[in-house]
Amino acid sequence: VQPVESGGGLVQPGGSLKLSCVFSGRTFSTSAMGWFRQAPGKEREFVATINWSGSNTHYANSVKGRFTISRDNTKNTMYLQMNDLKPEDAAVYYCDGVVGMSSPSNEYRGPGTQVAVSL
């Protein structure tokens with residue numbers, strides 16, 4: 001099952017983007033999911049996770065207060081609203097299942113969506 005991420009682009013510092021991740025399959029609505037990102041030369045890192053119902057979320061300290069994760073189980077879709085973007089947020093963003101609070105399950109492998117933050 002391969003999710004499809006979208007919504008990335010080039011924004012100036014302080015700008016906003018909203019990412020979407022559409023899943024196929026029947027397990028999405030009962031699974032915790034998350035957003036992860038990978039910048040060039042760096043390891044993939046945790047950004048935010050959300051439980052199956054959307055009632056519980058968890059954020060990396062670096063994005064807390066600026067990013068909001070949400071989901072719509074009727075559309076098999078997860079979102080990441082990103083505000084006040086900083087150059088250090090630039091990366092390819094991926095969605096995946098979650099193990100524990102913040103580890104990717106590596107169950108899904110979509111193409112990702114590129115976020116660039118620059119003047």
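1. Arg44 lies over the face of Tyr94, 3.8 Å from the ring centre. A charge counts as sitting over a ring if NZ of Lys or CZ of Arg is within 6 Å of the ring centre and within 35 degrees of the ring normal.

2. The model is predicted: local features need pLDDT of at least 70, side-chain atom pairs count only at pLDDT 80 or more, and totals for chains, interfaces and linings use all residues. Residues are numbered from 1 along each chain as its sequence is written, and side-chain values use heavy atoms, with hydrogens and water left out.

3. The structure holds 2 aromatic pairs (ring centres of Phe, Tyr or the six-membered ring of Trp within 6.5 Å; planes under 30 degrees apart are stacked, over 60 edge-to-face, the rest tilted). Phe23 and Tyr108 make an edge-to-face pair, 5.0 Å centre to centre with 80° between the planes. Phe23 is in the loop between strand 3 and strand 4, and Tyr108, 85 residues apart from it, is in the loop between strand 10 (103-104) and strand 11. Strands are DSSP runs of E, at least two residues, numbered from the N terminus.

4. Phe23 counts as buried because its relative accessibility is 4%; buried means under 20% relative accessible area, with a 1.4 Å probe and protein chains only. Tyr108 is also buried, at 5%. Phe23, Phe28 and Tyr108 form one aromatic cluster.

Note on methods
Helix = DSSP H or I, 4+ residues; strand = E, 2+ residues; numbered from the N terminus. Buried < 20%, exposed > 50% of the residue type's maximum accessible area, 1.4 Å probe, protein only.
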